[in-house]
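Here is a short briefing to read with the model open beside you.

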Amino acid sequence: MKSALQKSPIPNTHAFVVKLLKEPVFDTNWHFHSEYQLFLVLNGSGTRFIGDTIAPFVAGDFTLTGPNLPHLWKSDYKGDIKNRNNWSEGIVVYFNENLIGENLLQKEESIKIRQLFKNSLRGIFVDSNTSKSIQQSLLNLLKFEGFEAVLELLKILNWLSKSKETKLLASPGYTNTLKVGDTARMNKVYAYTMKHFKNKITVGYLAELTNMTPTSFSRYFKTHANKTFSDFISEIRIGHACKLLIEKKMNISEAAFNSGFQTVSNFNRQFKKITKRTPMVYKKAYLAK
């Protein structure tokens with residue numbers, strides 16, 4: 001199991017690091033690091049976990065996460081590993097706050113950048129319209145060198161700081177309470193849940209899986225996930241249902257039963273609670289785009 005707290009990928013000789021990722025699936029471990037991270041999904045789909053939020057992701061999904069904010073992109077891909085055309089692909093950029101410099105960051109001209117950095121501690125999702133506009137700049141980072149690359153990154157951050165098409169992800173009071181040793185348990189719970197969420201999963205079984213009592217597990221999970229396990233699995237199921245409604249064009253009852261819900265009425269209730277919309281309104285809104 002990888003350590004949850006990952007070693008900095010930025011060498012001392014560089015201001016930031018940009019990578020093109022192309023793998024069968026993205027990193028499957030719940031982890032965090034001290035750098036800010038920009039991440040654009042170019043290919044693939046799955047479920048995105050940032051702080052205490054869960055949402056489906058598809059190509060075009062673009063986020064900014066701040067230092068020590070736990071995150072995980074769980075890819076759906078289960079096909080032939082040799083078929084590289086279906087691999088998950090994305091651009092990731094790591095940088096530190098000192099990219100701009102403490103002196104400049106405290107000046108009036110940097111007010112919006114300071115706010116952007118503060119908001120990123122909860123994770124920022126960028127609307128697809130803005131994402132499309134920035135995508136070329138991110139691609140430029142892969143080929144630019146020297147100070148030209150730094151200027152391009154600053155251009156992206158400036159763009160994000162002024163955008164009105166963003167939303168914060170983690171809850172206002174969310175804090176990372178994970179220790180390095182905790183995430184082995186959390187990854188085990190996440191992995192099992194993602195594999196079996198369509199079936200009934202009991203707290204008793206997960207307690208055994210993590211060598212805890214049911215009461216201890218429930219308390220432990222709520223402390224670290226900032227929600228009950230019941231709410232957690234409902235969000236995963238609803239996220240999966242969203243993909244089925246849009247990508248597979250399933251009707252509401254099909255999406256409900258294929259996401260692990262036993263009744264359509266409970267599915268409708270949970271869907272509206274989590275998305276603030278009914279399944280039908282959600283489906284019409286996306287198909288109208």
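Helices (H or I, at least four residues) and strands (E, at least two) are DSSP runs, numbered from the N terminus. This is a predicted model, in which local features need pLDDT of at least 70 and side-chain atom pairs count only at pLDDT 80 or more, while totals for chains, interfaces and linings use all residues. Residues are numbered from 1 along each chain as its sequence is written, and side-chain values use heavy atoms, with hydrogens and water left out.

**Two loop asparagines with positive phi**

- Asparagine 211 sits in the loop between α6 (203-209) and α7 (214-225), and its phi is near 60 degrees, a positive value in a residue other than glycine.
- Asparagine 211 is exposed, with a relative accessible area of 68%; here exposed means over 50%, buried under 20%, and partly exposed in between (1.4 Å probe, protein chains only).
- Asparagine 226 belongs to the loop between α7 and α8, and has a positive phi of about 65 degrees although it is not a glycine.
- Asparagine 226 is partly exposed, at a relative accessible area of 38%.

**The loop between β1 and β2**

- Phenylalanine 26 is found in the loop between β1 (16-23) and β2 (36-43), and it counts as buried because its relative accessibility is 4%.
- Leaving aside neighbours within four places in sequence, phenylalanine 26 is in contact (heavy atoms within 4.5 Å) with residues including Phe39, Val41, Phe57 and Trp73.
- From C-alpha to C-alpha, phenylalanine 26 and histidine 71 are 12 Å apart in space, and they are 45 residues apart in sequence.
- Histidine 31 lies in the loop between β1 and β2, and is buried at 7% relative accessibility.
- A polar atom of the histidine 31 side chain lies 2.6 Å from the backbone oxygen of asparagine 29.

**Salt bridges**

- The count comes to five salt bridges, each being a side-chain nitrogen of Lys or Arg within 4 Å of a carboxyl oxygen of Asp or Glu.
- One of them joins the side chains of aspartate 76 and lysine 243 (2.9 Å, N to O). This pair links distant parts of the chain, 167 residues apart: aspartate 76 is in the loop between β6 (71-75) and β7 (88-95), and lysine 243 is in helix α8 (residues 229-246).
- Aspartate 76 is partly exposed, with a relative accessible area of 31%, whereas lysine 243 is buried at 8%.
- Glutamate 152 and lysine 155 also meet in a salt bridge (3.9 Å, N to O). They are separated by about one helical turn because they are three residues apart in helix α4 (residues 146-162).
- Glutamate 152 is buried, with a relative accessible area of 9%, and lysine 155 is partly exposed at 42%.
- Lysine 273 forms a salt bridge with aspartate 231, the closest N and O atoms being 3.7 Å apart. Here too the pair links distant parts of the chain, with lysine 273 in helix α10 (residues 264-275) and aspartate 231 in helix α8, 42 residues apart.

**The cavity**

- How many cavities of 30 Å³ or more are there? The count comes to one, where a cavity is a set of points on a 1 Å grid over the protein atoms alone at which a 1.4 Å probe fits but cannot get out.
- The largest cavity holds about 40 Å³ of space, its volume being the space filled by probe spheres set on the points, which are joined across faces, edges and corners.
- Residues lining the largest cavity (an atom within 4 Å of a point) include Trp30, Phe49, Asp52, Tyr190 and Lys227.
- By class, that lining has six nonpolar, two polar and two charged residues; Ala, Val, Leu, Ile, Met, Phe, Trp, Tyr, Cys and Pro count as nonpolar, Asp, Glu, Lys and Arg as charged, and the others, Gly among them, as polar.

Definitions and conventions. 1 Å grid on protein atoms, 1.4 Å probe; cavity = no way out; pocket = protein on both sides within 12 Å on 5 of 7 lines; lining within 4 Å. Polar contact = N/O pair within 3.5 Å; in protein donor to acceptor, adjacent residues only side chain to side chain.
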